[in-house]
Amino acid sequence: MPQKTNKKPQLTAKQIKAIQALLSSDTKTEAAQKAGVTRKSLYRWLKNELFIKELNEAKRQLVQDGILMLHRAARDAARALLEVCKDRKATPAARVSAA
């Protein structure tokens, strides 16, 4: 009797590259070219449940990374403005602008 394996389906290296290309391209045609695959293959993969799941996860992670970057930049900007605002040596115009 054949043994059952609990192997999860995995994406191929080309599919992973296609996901990365989709995230960094303006069009699907451009993404296919970057990934070194045909548009037909890319569109076929876009109907594949696992491919779509992994693409959506990659998009979610990209958004999370962007949000984190914006949080850090806002914190740094607020600190810089606060320093100027509290700096008694700064010009009044600079302090008012920072406020």
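Visitor: Which residues does L22 touch, leaving out those up to four places away in sequence?
Guide: L22 touches K28, A31, L42, L46, F51 and L55. Keep in mind that this model is predicted.

Visitor: What makes these count as contacts?
Guide: Contact means heavy atoms within 4.5 Å. K28, A31, L42, L46, F51 and L55 each count as touching L22 under that rule.

Visitor: Which residues have the most contacts inside the largest nonpolar core?
Guide: They are A18, L22, L42, W45 and F51. The core has 13 residues. Helices α1, α2, α3 and α4 each supply at least two of its residues. The largest share, four residues, comes from α1.

Visitor: What is the span of α1, and what is expected?
Guide: Helix α1 covers residues 13-24, 12 residues in total. It reaches 17 Å from its first C-alpha to its last. At 1.5 Å a residue, 16 Å is expected, and the span is close to that.

Visitor: Why are the buried residues of α1 said to line one face?
Guide: The buried residues are Q15, A18, I19, A21 and L22. Seen down the axis of α1, they fall within an arc of 165 degrees, so they line one face of the helix. The face turned away from the buried side carries the exposed residues A13 and Q20.

Visitor: What covers the buried residues of α1?
Guide: The cover includes α2 (28-35), α3 (39-45) and α4 (49-86).

Visitor: How do you know which class K17 belongs to: buried, exposed or partly exposed?
Guide: K17 is found in helix α1. Buried means under 20%, and exposed means over 50%. K17 has 44% relative accessibility, so it counts as partly exposed. Leaving out residues up to four places away in sequence, K17 touches K34 and A35.

Visitor: Where is S25, and is it buried or exposed?
Guide: S25 is found in the loop between α1 and α2. Its relative accessibility is 14%. The limit for buried is under 20%, so S25 counts as buried.

Visitor: What makes the link from S25 to K34 a polar contact?
Guide: The side chains of S25 and K34 make this contact at 3.4 Å. The cut-off is within 3.5 Å, so the pair meets the distance limit. The backbone oxygen of A21 also lies 2.6 Å from a polar atom of the S25 side chain. Leaving aside neighbours within four places in sequence, S25 is in contact with E30, A31 and K34.

Visitor: Why are the buried residues of α2 said to line one face?
Guide: In α2, A31, A32 and A35 are buried. Seen down the axis of α2, they fall within an arc of 100 degrees, so they line one face of the helix. What covers them includes α1 and α3.

Visitor: What follows α2?
Guide: G36 follows α2. The phi of G36 is positive, near 75 degrees.

Visitor: How many aromatic pairs are there?
Guide: The count comes to one aromatic pair. The rings of W45 and F51 have their centres 5.9 Å apart. The limit for a pair is within 6.5 Å, so these two rings qualify.

Visitor: Why is the pair of W45 and F51 called tilted?
Guide: Planes under 30 degrees apart count as stacked, and over 60 as edge-to-face. The planes of W45 and F51 stand at 40 degrees, so the pair is tilted.

Visitor: Are W45 and F51 buried or exposed?
Guide: W45 has 12% relative accessibility, so it counts as buried. F51 has 0%, so F51 counts as buried too.

Definitions and conventions
Residues are numbered from 1 along each chain as its sequence is written. This is a predicted model: local features need pLDDT of at least 70, side-chain atom pairs count only at pLDDT 80 or more; totals for chains, interfaces and linings use all residues. Side-chain values use heavy atoms; hydrogens and water are left out. The expected span of a helix is 1.5 Å times one less than its number of residues. Buried means under 20% relative accessible area, exposed over 50%, partly exposed in between (1.4 Å probe, protein chains only). The arc is that of the directions from the helix axis to the C-beta atoms. A polar contact is a pair of N or O atoms within 3.5 Å; within protein, one must be able to donate a hydrogen and the other to accept it, and residues adjacent in sequence count only if both atoms are side-chain atoms. Rings of Phe, Tyr and Trp (its six-membered ring) pair if their centres lie within 6.5 Å; planes under 30 degrees apart count as stacked, over 60 as edge-to-face and the rest as tilted. A nonpolar core is a set of buried Ala, Val, Leu, Ile, Met, Phe, Trp, Tyr and Cys residues joined through side-chain atoms within 4.5 Å.
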